[in-house]
Amino acid sequence: MKKSVIFLLLTFISINAQNFTHETKEERNARMQWWRDARFGLFIHWGLYSIPAGEWNGSTNHAEWIRTTAQIPLKEYDKLVDQFNPVKFNADEWVKMAKDAGMKYIVITSKHHDGFGLFDSKFTDFDVMSTPFKRDILKELSDACHKYGIKICFYHSIMDWHHPDYLPRREWETDRHVDQADFNRFLEYLKNQLKELLTNYGEIGVLWFDGEWEDTWSSKLGIELYNYVRNLQPNIIINNRVGVGRSGMEGLTKEGEFGGDFGTPEQQIPPTGFPGVDWESCITMNNYWGYNKNDKDFKSAKELIRMLVDIASKGGNFLLNVGPTSEGLFPQESINRLKEIGDWMKLNSESIYGTLASPFANLSCGRCTKKSLGNNTRLYLHVFNWPQEGKLVLPGILNKPVKAYILSDKRRNLLAATRNEDAIIINVPSKPLNEINTVVVLDIEGKEDVTNPPTIVYPVNIFIDKIFVSVITDQQNVEIRFTTDGSIPTVNSMIYKNKIELDNTATVSARSFRNGKPVSDVSRALFTKVIPEKSMNINNPLNGIKYFYYEGKWEMLPDFNSLVPVKEGTAQNFDISLRNQNDYFGFRFKGYIMIPDDDVYTFSTDSDDGSKLFIGDKLVVDNDGLHGMQEGKGIIALTKGFHKIEAQYFERSGGNDLKVSIESSKIKKQNIPDNMLFQ
Ligand code: H79
């Protein structure tokens with residue numbers, strides 16, 4: 001192509017920077033497919049922090065956060081650059097270990113919070129090219145990944161404890177002045193480095209952002225960055241930490257917030273899946289992400305395999321972490337575990353890759369994953385608890401069994417599978433082939449027809465005059481029958497057609513029927529009729545709310561009654577910007593809320609750290625304790641008019657924020673507006 005044509009094309013691309021946050025379902029599915037099929041990836045946390053290996057001045061509870069947790073001055077930390085020389089690093093070996101473990105992608109820290117880059121960056125000297133090692137680690141690793149068919153992905157921290165223009169600072173930091181800091185320049189730096197990562201290393205599978213929770217980052221910047229990255233590699237997948245909608249360590253995106261492409265539960269597996277939502281649990285093999293030489297608390301291979309299966313059965317991905325040493329080696333314990341997982345995967349990976357979530361609400365024998373076979377369906381029964389009597393009972397399914405066998409049985413000996421009412425019973429050997437998890441394959445006729453109870457749907461479970469309750473089910477060709485007197489629905493109970501209207505306290509019980517026979521378990525929910533709290537009369541209400549500001553170091557809300565406020569006055573709203581300092585403070589807001597209608601109201605506080613909300617004298621939201629932005633909710637029935645409202649809040653250190661919101665059948669969830677607050 002001629003230079004001028006290239007130039008024109010580039011201009012064209014840049015003026016047409018697309019908005020990638022809207023795409024069709026088909027486009028999204030196509031982009032996400034490899035990742036959904038993969039189910040299993042390797043996380044690598046590696047950087048300068050592998051040199052101290054978790055230890056600083058005698059304390060041993062550090063890792064990749066050591067710069068902050070040991071409060072290391074910048075010039076001390078910078079000395080690690082001269083020591084970083086992982087001569088035993090061999091990209092091919094790392095990639096082969098991941099591949100042999102059954103992993104399909106690797107996410108490595110291009111830059112962690114400390115700001116150090118494992119790649120050759122033109123925009124900083126704080127990178128691997130300034131170390132004695134002087135080899136672009138990401139280049140070697142991405143080449144090896146491309147060679148072995150593993151997707152290479154980068155973890156890139158937004159928070160940066162090194163760059164002079166990043167804001168805010170650690171509270172104890174003294175050697176990086178804020179005076180000349182310009183966050184916009186930092187944004188340029190961030191984008192410049194991302195452009196390097198997205199142009200110099202071939203196709204990148206995922207960009208995994210983190211460190212998004214400080215108050216300089218915003219939803220707007222997140223959406224901009226998402227588009228910036230997709231513009232450079234349109235098919236890339238980006239985690240939800242690019243925006244600010246993550247709900248704490250649970251990691252799923254809060255409703256209404258921008259959530260990138262997938263949720264990121266950290267160090268935990270959600271109790272259930274989230275139909276229609278992509279997510280990935282990232283979990284360490286021992287306790288720390290970065291290498292900590294004293295941390296020998298490794299999960300067993302059995303635990304890790306069962307975690308992988310548990311996650312897959314809920315429709316998620318498993319990103320399992322290894323923290324390599326400063327020599328460039330995986331810890332031996334990690335190598336051993338990857339090997340054991342690989343041994344299991346070699347025989348059983350078909351039950352992981354490309355599977356869908358379990359159709360069963362719960363299974364006592366273990367977990368289930370699923371694949372469509374066109375007309376029929378294949379269930380993979382991951383048996384954790386092998387049956388004593390040679391009979392594996394799968395309760396709660398109405399399909400005809402087609403065939404069954406043990407996945408790791410090379411001869412594929414067929415197992416007899418028979419029906420017994422709503423169960424399928426499979427004759428199995430008396431001993432499992434694998435103690436950790438023996439997978440029994442069960443093919444069934446048609447789409448799965450499981451007896452999960454119908455779902456009773458309601459926004460709140462209390463009401464004043466009446467309430468309308470919906471019931472839904474995934475089961476095909478059924479009618480739902482229900483009762484409101486606590487009894488089990490029978491073939492003679494009312495058929496559910498429209499929403500159930502209740503005007504008295506009642507328990508709704510629902511069950512599916514087909515051809516006059518019950519074909520599901522029973523679901524139940526209690527709805528309580530309540531008397532709403534009476535409003536009060538106030539003379540001359542004025543807009544605004546009283547505030548009382550306190551200072552102190554607390555781990556939970558103090559008894560403000562026993563403390564003297566540093567200052568007090570009137571605020572427009574629950575406004576914590578009226579503070580004198582950014583850490584170690586608390587607020588109490590007192591006033592009245594004008595309630596527009598008799599109704600049930602859901603109040604929530606979203607706060608970092610703890611908060612509580614009282615309406616009248618009732619504690620409605622208890623969201624106390626030390627935590628990042630975290631939401632607490634409560635419900636209360638109120639009559640129209642004025643009610644006392646009091647919010648309490650405290651902040652220890654780090655980020656701080658308080659949002660108080662209201663929602664009802666007539667009010668969309670929103671922060672309580674100024675015009676509802678009075679003093
Ligand atoms: O890279 C690893 C860790 O170093 C990093 N994430 C994994 C993948 C990590 N950074 N911070 N933490 C883990 C814990 C931090 C938690 C908190 Fe928060 C930050 C509490 C309050 C601010 C997360 C964000 C929970 C609430 C908001």
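## The loop with Pro 168

Pro 168 sits in the loop that runs between β3 (151-157) and α7. Helices here (H or I, at least four residues) and strands (E, at least two) are DSSP runs, numbered from the N terminus. The bond between Leu 167 and Pro 168 is a cis peptide bond, with omega at about -5°.

This is a predicted model, in which local features need pLDDT of at least 70 and side-chain atom pairs count only at pLDDT 80 or more, while totals for chains, interfaces and linings use all residues. Residues are numbered from 1 along each chain as its sequence is written, and side-chain values use heavy atoms, with hydrogens and water left out.

Another cis peptide bond links Asp 608 with Asp 609, and its omega is about 0°. You can find Asp 609 in the loop between β28 (599-608) and β29 (611-615).

Gln 71 is worth a look too: its phi is positive, about 50°, although Gln 71 is not a glycine.

## Around the ligand

Now turn to the ligand. There are 16 residues around the ligand, and of these His 45, Glu 64, His 112, Asp 210 and Glu 266 come nearest. A residue counts as near if one of its heavy atoms lies within 4 Å of the molecule or strand in question. Sorted by class, this shell holds six nonpolar, five polar and five charged residues. In that sorting, Ala, Val, Leu, Ile, Met, Phe, Trp, Tyr, Cys and Pro are nonpolar, Asp, Glu, Lys and Arg are charged, and the others, Gly among them, are polar.

Some polar contacts can be picked out (pairs of N or O atoms within 3.5 Å; within protein, one must be able to donate a hydrogen and the other to accept it, and residues adjacent in sequence count only if both atoms are side-chain atoms). Glu 64 places a polar side-chain atom 2.6 Å from an oxygen atom of the ligand. For Trp 65, an N or O atom in the side chain is 3.0 Å from an oxygen atom of the ligand. Asp 210 has a polar side-chain atom 2.7 Å from a nitrogen atom of the ligand.

## Helices α7 and α8

Two packed helices are described by the angle between their axes and the distance between the axes. The axes are lines fitted to C-alpha atoms, for helices over the stretch in contact, and angles run from 0 to 180 degrees between N-to-C directions. For α7 (residues 183-199) and α8 (residues 219-232), the axes come within 10 Å and cross at roughly 25°. The two helices are therefore roughly parallel to each other; the cut-offs are under 35 degrees for roughly parallel, over 145 for roughly antiparallel, 65 to 115 for roughly perpendicular, and oblique for the rest.

In α7, the residues that meet α8 include Phe 183, Leu 187 and Leu 190, while Tyr 228 and Val 229 are among the partners in α8. Contact means heavy atoms within 4.5 Å. This contact divides into ten nonpolar, one polar and three charged residues.

Helix α5 (residues 91-100) packs with helix α6 (residues 137-148) at an angle of about 45°, their axes 8 Å apart. That makes α5 oblique to α6. Among the residues that meet are Trp 94 and Val 95 in α5, and Leu 141 and Ala 144 in α6. This contact has seven nonpolar, no polar and five charged residues.

Further along, α9 (residues 301-313) and α10 (residues 332-348) pack at about 50°, with axes 9 Å apart. They are therefore oblique to each other. Their contact includes Leu 304 and Leu 308 of α9, together with Ile 341 and Trp 344 of α10. By class, eight residues of this contact are nonpolar, none polar and two charged.
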